[in-house]
Amino acid sequence: MAGVALEDVTKVYDDGTVAVSNLALDIEDGEFMVLVGPSGCGKTTALRMVAGLETITAGEVRIAERVVNRVPPKDRDIAMVFQNYALYPHLTVADNLGFSLRLHKVPRAEIKRRVTDIARILGLEDLLNRKPRALSGGQRQRVAMGRAIVRDPEAFLMDEPLSNLDAKLRVQMRAEIARIQHDLGTTTIYVTHDQTEAMTMGDRVAVMRRGELQQVDHPQALYEHPVNLFVGGFIGSPAMNLVEGVLEHDDEQSGVLWARLGEQRLRLADSLLADRPTLHRYAGRGVAVGIRPEDLKDASMTTGPADGQRLRVSVGLVERMGAETYVHFTLDAKPVFTEDTRELVRERAEMTDNVLEQRGQAPHSECVARVQPRTEAREGEQLELAVDTSHVYFFDLETGQAIDDAASPAPGAAPDGRGDHGGTG
Amino acid sequence: MSAATATASTAPIPPRESWAQRMTRAVSRGPLHLVLIVIALVWLLPTVGLLVASLRPPSESAQTGWWKALTDTSQLTFENYRQILDDPLITQAFWNTVLITVPATLGVVVIGALAAYAFAWIDFRGRDWLFVGVVALLVVPIQVALIPVAKLYGTLGIFGDISGVVLFHVAFGLPFAVFLLRNFFAQIPRELLEAARIDGASELKVFRTVILPIGLPALASLAIFQFLWVWNDLLVALVFADTSNAPLTVAIRSQMRQFGTNFDIIGPAAFLSMLVPLAVFFAFQRYFVQGILAGSER
């Protein structure tokens, strides 16, 4: 087992498309690293370069301290799980599992022992003599996992291995893969477009966009301190509400900062300002204000939210999940409409650009609150929301960068800011 | 995850049909089967005719049709077969046919498969243009090559030799072989090859352990096509094989006379020459059908 390092790795295709640019990533021995991003962000290309299935235009890939740029896949000692599993259709489950061992001339008895072991771990014992076509999707997925595990490689590479499963099975396998990886302690690079998978599985998560690494950090740090609008909007489900606002100093108390959203104002919590003194420099300027849905509650059900912690909104759709209720609402403030948010909306809602433009120009924003299950909010009515003003996010409208003294700098901005910078602040 | 949940999600295996179910199905498909049987019989009739005729003495064959033997089975005799199997001309020709057909088939399948793999999955400069060239060769009629190749063989000293006939068949079989197999191989999912490479397979291993087994239907159909074509070929053999190396087709033709025929030789010889392709066809027919369908879908 060993770490995997990518040093300024770039991939330019023959037609000039830059799929990955200057990707720098240090994956420690035994670490579970998730590469996440919208489709076309270069995450799969990055993975394939580590696997040796794609040539590296520039930069260096090292596995276990060995530069492998020119090493063919078969000599890299890595195992890969493909999105469509790529099981050998002409071989039984047992032969699929033992395929690589046979190629490596492992003695027959040893192969049998290891295949049986893996089959037991994955619950495939009864299926060993079946061909892949006689398996269900979940079982095929398991065999694909088993084929990787059985080899005991330096690293696992997984390319959206769960995307072909139904929702329930996906949740189940998510936990199982994480558990197996934890038990084996094998360095893993896991590619997904699903931020929930990224958050739940990764020791660290690398968010990519258009071939560029945006931020690498532990899931919670990523969630609490996104470096820019893109990461803020991408991580979290339902997504962070992003509206335009203006920061204002209080006339009487100079230490107090207000965020004006349309006609309403939020008073920023002292703890927030203590953590992010830079916010004061933005006083009098427009910023992007991000509020996560769970930081919005039904005010009538909480005890005394102070003035400046309330927002009056008109309620749209109300989705009752049982344990919580999603209240969709419109807020009288312009939505944030930058390249970042446009891409996010496109990724999530697949809207046409026309609809997108109209939304962006609207004077009010569509938002979501994740409130108490027994709220009495009803569609078409007004609702007062209590805002946790210690957990509001701010971004520079022009650069899209977070106004957050604790957020790790994006690697692009700081050339040597790669690797583990655990900015949990 | 426990084994219990795994078995719970087991894919359904079709349950064994009961005897009654099978009977019901057979009856409901009766009319279709009847039509198929009639077609098969009509197809089979000439073959049976040839077989029966080959079993009749020449004196009878000259006077009455073969069906007379169906009512008068005393006519049937193995005398014709005994004679031709003793005739060195025919047995030698039979051997020659085998010696030509087997290498010509193997050669086309092996070389064709290797070339097709390269065309489908190995990146090299000018690959696509080269493939277009191969496809273009498909439309070259063999007749235009007869004279130049004959001259070439003369220089090489293999004119009249079995090796010359084999070489010619291999050369003209390859464009179609490469075309058919490349298109089949190209449809194998890329990830399958990548998985094998990551699992530790060299290109040759990928070819042997993944491509060949998966391409079996296409390989089998190609083998049948090529085998039948070479086995039944007369033109190439007539031009390039001298008398001692002539295959059955040439030998049978030499028994033709201007007035009437040597039926006691042609009959059994023709039936014998039919028997082998028939056996090959039945041995591979399972793949043959698959091979035709495969490649057209997915």
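Buried here means under 20% relative accessible area (1.4 Å probe, protein chains only), and strands are DSSP E runs of at least two residues, while helices are H or I runs of at least four, both numbered from the N terminus. In a regular strand the side chains alternate between the two faces of the sheet. Strand 6 of chain A pairs in the parallel sense with strand 7 (residues 155–159) of chain A over 4 bridges, where pairing takes at least two DSSP bridges. A:Ile78 stands opposite A:Ala155.

This is a predicted model, with local features needing pLDDT of at least 70 and side-chain atom pairs pLDDT 80 or more, whereas totals for chains, interfaces and linings use all residues. Side-chain values use heavy atoms, without hydrogens and water.

Now to the cores, which are sets of buried Ala, Val, Leu, Ile, Met, Phe, Trp, Tyr and Cys residues joined through side-chain atoms within 4.5 Å.

| Nonpolar core | Size | Members include |
|---|---|---|
| Largest | 84 residues | A:Leu6, A:Leu25, B:Phe168 |
| Another, apart from it | 48 residues | A:Phe32, A:Leu127, A:Val143 |

Finally, helix 13 (residues 216–232) of chain B reaches 24 Å from its first C-alpha to its last. It is largely enclosed by the rest of the structure, because 12 of its 17 residues are buried, including B:Phe227 and B:Trp231.

Note on methods:
Residues are numbered from 1 along each chain as its sequence is written. Chains are lettered from A and ligands numbered from 1 in the order in which they are written. Buried means under 20% relative accessible area, exposed over 50%, partly exposed in between (1.4 Å probe, protein chains only). The expected span of a helix is 1.5 Å times one less than its number of residues.
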